[in-house]
Amino acid sequence: MTALMVQRPKTSFFSLLIVALATSPAAFGQGMEVPGGEAVVEPPAPPAQVRHHALSLVGEPRFGPDFKHFDWVNPNAPKGGVVRFATQGTFDSLNPFSIRGVPAGGVGMIYNTLMAGSPDEPSTEYGLVAEWVSFPDDFSSVTFGLRPEARFHDGEPVKPEDVIFSLEAIKAANPMYGRYYANVAKGEKTGPHEVTFTFDQKGNRELPQILGQLPVLPKHFWEGKARNGEARDLAKSTLEVPLGSGPYRIKEFDTGNRIVFERVEDYWAKDLPVAIGQWNFGELRFQYFRDRVAAFEDFKSGRADFWRENTASAWATQFNFDALKKGLVKKEVIPTEGVARMQGFAFNIRRPKFQDRRVRQAFNLAFDFEDLNRSLLFGQYSRVHSYFDNSELAAKGLPEGRELEILKAHEKDLPPEVFTTEWKNPTFATREYARDNLAKAMALLKEAGWEIRTEEVEDPDCGFFCKAMQSVGLGSKRTEQVLRNAKGEPFTVEFLIGSDSFERHIAHYRANLAKIGIRASTRVVDPAQYERREMSRDYDIIIDVFPQSISPGNEQRDFWGSAAADHDGSRNTIGIKDPVIDSIIETLVFAKDRDELVAATRALDRVLLWGHYVVPHWYNPNEWIATWDMFGRPDKLPSQTSALTQVWWVDQDKLKALQAARRN
C-alpha cells in the first residue's frame, strides 16, 4: 500500500513524563540517574502506523498520494444537462438502509462513504470523506482521518460522531450490515477529525477496507424529529427526503412512479482528485414502469435516453426500430472485467422437499442449457460453472495444497465427491447425454424417496366425441408421469419471478422437469409483492444472483452463513445452515495472505457446488447498452462497468443535432 504520511503514535501519560525528563540537561545519555544509582532507560516508542491515501486487497493502488485525477475520467467534462431513465419496478421508501420497504433506485448517490471504490481497480478504494486511513500490522483496529472540509448538504461539517453513529445505526437497522461488520467492537473519537474502530478479533485483513465503504449519515438529522413530530428511525421505511453529503440530492419524487436527483453545485468534494471529472449530469430522472415492455417503449419513443439490455433475445431481435436505423440511437457492446456472477434457480431449502441434496442435483440434471442457449439465448451466453467463475478463485480439478488441507479438516461431514470428482455441470450435447441425465435424475429422486408413476389425467382437449370413444374402449386416456413420495404427495414446485422476462426460460425448463415427474408452475407477481415474498422467504424457487469481488470476505457470512439463514432480508435466500461452510467462511475472512484467501475461497466454492444449492444459469462478460446520441464520455472507460452516471456527460452539440433530427 502507498503511504501518504506518517502518523505520530499515541503515548501514555507515563511515556510523556519519561520524554519530558529525558530532554532535561541532566538526562542526556543512556538514561537518567535516580536515587540508588540505577539508570532508567526510556522504553522504545511503538512503531508509527502508516497513513494510507488508498487501500487495495490485490496489490498496490494504481494512483499515488499526489495523483490529480483518475485516468478513466475527463477532468474537463462539462456539467449540466438532463438524463432520463426508464426503470422497471417500483419504490415506497427513500431509506436504502432499512429492510422495510422498497427503496428508490439511485438513492445511494446522495451519500458519501469514507472511501470511494474505483470501478477500474478491483477491491481498491481511495480516500473520500477520510483523507487517510491507518491500521496496525495485526489488523486489530483502523483509524480514519476525516477531511475538515467534508460537509452535509445543510452545511454542517462531517464529524467523528457522525461516523460512529453511522456504523451503530446501520448495524441496528439492517442485519446484513450487522454481519458484514460483525467484528467491529466499538468506534471512538480519537482526535478532532479522527475516528478509530476497534475489532474484537485480530487478523481480519479486509475490515479496514470494508469500513471504508461505510456510508456517512448525519447524526443530527437522524436523531431529530420529522415534520410530523415523530422521531426518525433508520430501521423504518420513510418518504421524508433524507439529508446526505454526496454529489446529488433528491429534487422531487412521486412514490412508485418517478424520482429526480439534482447535482449539488457546491458539492464539497467536487475538486478532490477522487471526484474530479465525475457526477457530471445536472439532473437524473428515473421513470418507473411495472414491466419491461412499457419501459422499453419509453426508451424507443425518446422519452428515456439510456437502456441497458439483459435479455439476449431482445438484444438480438428488438433493436431494429427507426431511430436506431437512422443513427439517432447507438447500440454498443462494452466489455467488462471481473468475477462472473453466479446466477441461477435458487432453492429455498427451508422447505422439506429441497433438503435432500440428491433432489437438488436431480433438478440440475434436468436443465438443458445447450438447447436453451440455442433456442432462446441466441448462443450469446456461457454457462456459469462456479460461484467465482472467470477468476483464480474458482475451484478447478481436484483440491490440492492448502485448499485440500482446509477441506480435509471437515472430511467426515462432506460428500466424498468433493475429494474424488471434479464438479461439472451436466451437458446435453447429444440425445444420449440427455437420456442419461434424465435417467440419473430419476435414480437420484428414487434414492431420496420419490417414485415416478404413470397416472391418468384430465385432458382439456378431449371433447364430447373423444370422451364417448373412451367410454366404449375405442380411445385412450391421457397420462403423465407424476413423482410422489411415500405419503402419496406429488412433487410440485413453483418458480416465483418479479417480471415476465424469464417466463419462456422457465417454460423450457419445465418441459424436462415434467419428464421426471415434477409438476412445475410459474408465478409472476409485481415487483413490490416479489420483494415482500423474497424478504419473508415465501417461495419454492427464485432466480437469484450472487455477485462476488476478486477479494471475497466478510460478506460471505451474509450469503451463506447460518446466522443469516433465519434473518429476513439477508442474502442467504437459500437458507443454508452448514457448520462446515461457516468454518470455511471464517478461514476465508481471517486469511493471513492472498494465497490463504484464494485457497479458502476455492474450498468454499467447491462445497457450495457439491451442495447443489442452485441450478446455475449463464453469464455475459459484456454490457449491452443503447443510448440516444447525446452523450460524451472519456476515451477510456473503467474496466468494471460503463459507469454512465459517474463519468459520462451531455454533449450539447450532439444534443442540439439530435433535437433537430427529431423535429424533421
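A salt bridge is a side-chain nitrogen of Lys or Arg within 4 Å of a carboxyl oxygen of Asp or Glu. R285 and E283 form such a pair, with their closest N and O atoms 2.8 Å apart.

The model is predicted, so local features need pLDDT of at least 70 and side-chain atom pairs count only at pLDDT 80 or more, while totals for chains, interfaces and linings use all residues. Residues are numbered from 1 along each chain as its sequence is written, and side-chain values use heavy atoms, with hydrogens and water left out.

**Salt bridges**

A search of the whole structure finds 45 salt bridges.

| Pair | N to O distance |
|---|---|
| E283 and K251 | 2.4 Å |
| R285 and E283 | 2.8 Å |
| R571 and D544 | 3.6 Å |

The salt bridge of E283 and K251 links distant parts of the chain: E283 lies in strand β15 (residues 283–289) and K251 in strand β13 (residues 248–254), 32 residues apart. Helices (H or I, at least four residues) and strands (E, at least two) are DSSP runs, numbered from the N terminus.

Accessibility is sorted into buried (under 20% relative accessible area), exposed (over 50%) and partly exposed (in between), using a 1.4 Å probe and protein chains only. E283 is buried at 11%. K251, at 41%, is partly exposed, and R285 is partly exposed at 35%.

R571 and D544 form a salt bridge that also links distant parts of the chain, 27 residues apart. R571 is in the loop between α18 (562–565) and α19 (579–589), and D544 is in strand β24 (residues 541–546). R571 is partly exposed at 23%, whereas D544 is buried at 8%. Elsewhere, salt bridges with shared partners join R351, K353, E494, R523, R533, D538 and D540 into one network.

**Nonpolar core**

A nonpolar core is a set of buried Ala, Val, Leu, Ile, Met, Phe, Trp, Tyr and Cys residues joined through side-chain atoms within 4.5 Å. The largest one has 184 residues, and those with the most contacts inside it are L114, F144, F197, F261, F363 and W560. Helix α20 (residues 594–611) gives the largest share of this core, ten residues.

**A helix pair**

Helix α9 (residues 357–365) packs against helix α13 (residues 431–447) at an angle of about 165 degrees, with their axes 8 Å apart. Axes are lines fitted to C-alpha atoms, for helices over the stretch in contact, and angles run from 0 to 180 degrees between N-to-C directions. The contact (heavy atoms within 4.5 Å) includes V359 and L365 of α9 and L438 and L444 of α13.
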